[in-house]
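Please keep the structure open beside them as you read.

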Amino acid sequence: MDVDRLLPTPEAADLIALTREIADKELSSRVNEHEAAETYPEGLFSTLGETGLLGLPYPEEYGGGGQPYEVYLQVLEELAARWAAVAVATSVHTLACHPLYAFGTDAQKERWLPAMLEGRAIGGYSLSEPQAGSDAAALACKAELQEDGGYRVTGTKAWITHGGKADFYALFARTAPGSHGISCFLAPGATEGLSFGAPERKMGLQAVPTTSAYWDGALIEADRRIGDEGQGLQIAFSALDSGRLGIAACATGLAQAALDAAVDYANERTTFGRKIVDHQGLGFLLADMAAAVDAARATYLDAARRRDLGRPFSRQASAAKLIATDTAMKVTTDAVQVLGGYGYTRDFPVERYMREAKIMQIFEGTNQIQRLVISRGLVRTSEK
């Protein structure tokens, strides 16, 4: 069921229609095969790039789509309703482009950004480490400046979406002690001394690999440092609120897909001579699911509109991520319940939706971290 969207321009409406057409043709037709076999959809992200869907929130002068976040996130939601793993990887790619766009020099942007925004180069985000997830200041991976130029990178990074497949990584590594000793680099995916571990054996999102990366004295050219030395955490944190909105949109799309599957089944299945949707207990469950999806969408759109207006949106982004991902977990679980025994089988997609929803409560900052951000924002507000 297509969502009845309130969009700011006729151009945005055309973009959503195009997204639905592409997603139905390229994603819906392939998702079951690749998720079941845990195989990467070779060529798919190039197709999305060629159709302009991988650089939407960035300026047209660099090859982007020039769209407000309000529109970009709704495109992301449409992708997630067909294939969550692809939508999450698209969100991560958008996140990985941010350091160069926001902190790169004009020369760096002109050199690398068009290929990234046009989808000719797919990105990953390499911040986390085995001992440093939510605590980004605890990074240990080192980037040591060499006398003859460049940085030698040594250490291990973890939980990289598109690891081993991406063309570039927004890499955060330590160049000095302390929280102000982390720097950001635009690292090529093909670098001598860089290798990747086997894909993690995940509960869901299996078609796009998540891996560790091993830097064994790999040399990164000096002109690939983004921003100043020691500016890395500022760069990383500047993008996280926007990244959380991306995950909120993905979670909402996943919840919408689960709701649609449950409604379709309830309208087809009969018990005691009636469609099961006509039984009040089940009808009320579906109503609660629909209300929760609507609320999740409204929450992320509120935060996106604040971002588009240049207003503070950190607390709203955390609230959107928290609400949308908790909603996805609840709605996908309820969808399994609606389908009963069939919902527990792999003959229907709702069991996969339920598995995919869980990680959304964890990555881009766990929902416990989101509650911490929200509570701290309330304290700061009360002190003014």
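1. Let us begin with Ala136, which counts as buried because its relative accessibility is 5%; buried means under 20% relative accessible area, exposed means over 50%, and partly exposed is in between, with a 1.4 Å probe and protein chains only. Ala136 sits in the loop between strand E1 (123-126) and strand E2 (142-145). Helices (H or I, at least four residues) and strands (E, at least two) are DSSP runs, numbered from the N terminus. Not counting residues up to four places away in sequence, Ala136 touches Leu127, Ile182, Leu233 and Phe237, where contact means heavy atoms within 4.5 Å. Between the C-alpha atoms of Ala136 and Asp326 there are 24 Å, and the two are 190 residues apart along the chain.

2. A word on what you are looking at. This is a predicted model, in which local features need pLDDT of at least 70 and side-chain atom pairs count only at pLDDT 80 or more, while totals for chains, interfaces and linings use all residues. Residues are numbered from 1 along each chain as its sequence is written, and side-chain values use heavy atoms, with hydrogens and water left out.

3. Gly193 lies in the loop between strand E5 (182-188) and strand E6 (194-196), and Gly193 is partly exposed, with a relative accessible area of 30%. Leaving aside neighbours within four places in sequence, Gly193 is in contact with Tyr214, Trp215, Asp216 and Ala218. Leu205 belongs to the loop between E6 and strand E7 (210-220); at 7% relative accessibility, Leu205 counts as buried.

4. Please also look at the backbone of Leu205, where phi is near 55 degrees, a positive value in a residue other than glycine. Glu38, too, is a residue other than glycine with a positive phi, near 55 degrees. You will find Glu38 in the loop between helix H2 (31-37) and helix H3 (44-50).

5. Now to the helix pairs, starting with H1 (residues 10-27) and H4 (residues 69-82). They pack at an angle of about 20 degrees, with their axes 9 Å apart; axes are lines fitted to C-alpha atoms, for helices over the stretch in contact, and angles run from 0 to 180 degrees between N-to-C directions. That makes H1 roughly parallel to H4, since angles under 35 degrees count as roughly parallel, over 145 as roughly antiparallel, 65 to 115 as roughly perpendicular and the rest as oblique. In this contact, the H1 residues include Leu15, Ile16, Arg20 and Asp24, and the H4 residues include Val71, Glu78 and Arg82. By class, the contact of H1 with H4 holds eight nonpolar, two polar and four charged residues. Here Ala, Val, Leu, Ile, Met, Phe, Trp, Tyr, Cys and Pro count as nonpolar, Asp, Glu, Lys and Arg as charged, and the others, Gly among them, as polar.

6. Helix H5 (residues 84-103) and helix H7 (residues 232-268) pack at about 160 degrees, their axes 9 Å apart, and H5 and H7 are therefore roughly antiparallel to each other. Among the residues that meet are Ala84, Val88 and Leu95 in H5, and Ile247, Cys250 and Leu254 in H7. The residues of this contact divide into 11 nonpolar, six polar and no charged.

7. H7 also packs with helix H10 (residues 350-360), at an angle of about 160 degrees and with axes 10 Å apart. That makes H7 roughly antiparallel to H10. Which classes make up the contact of H7 with H10? It has 11 nonpolar, no polar and one charged residues. The H10 side consists of Val350, Tyr353, Glu356, Ala357 and Met360.

8. Finally, the interior. In soluble globular proteins, nonpolar side chains tend to be buried together. A nonpolar core is a set of buried Ala, Val, Leu, Ile, Met, Phe, Trp, Tyr and Cys residues joined through side-chain atoms within 4.5 Å. The largest one here has 103 residues, of which Leu73, Met116, Tyr125, Phe172 and Met360 touch the most other members. H7 gives the largest share of this core, 19 residues. Apart from it lies another core of 16 residues, among them Cys141, Val153, Ile160 and Leu194.
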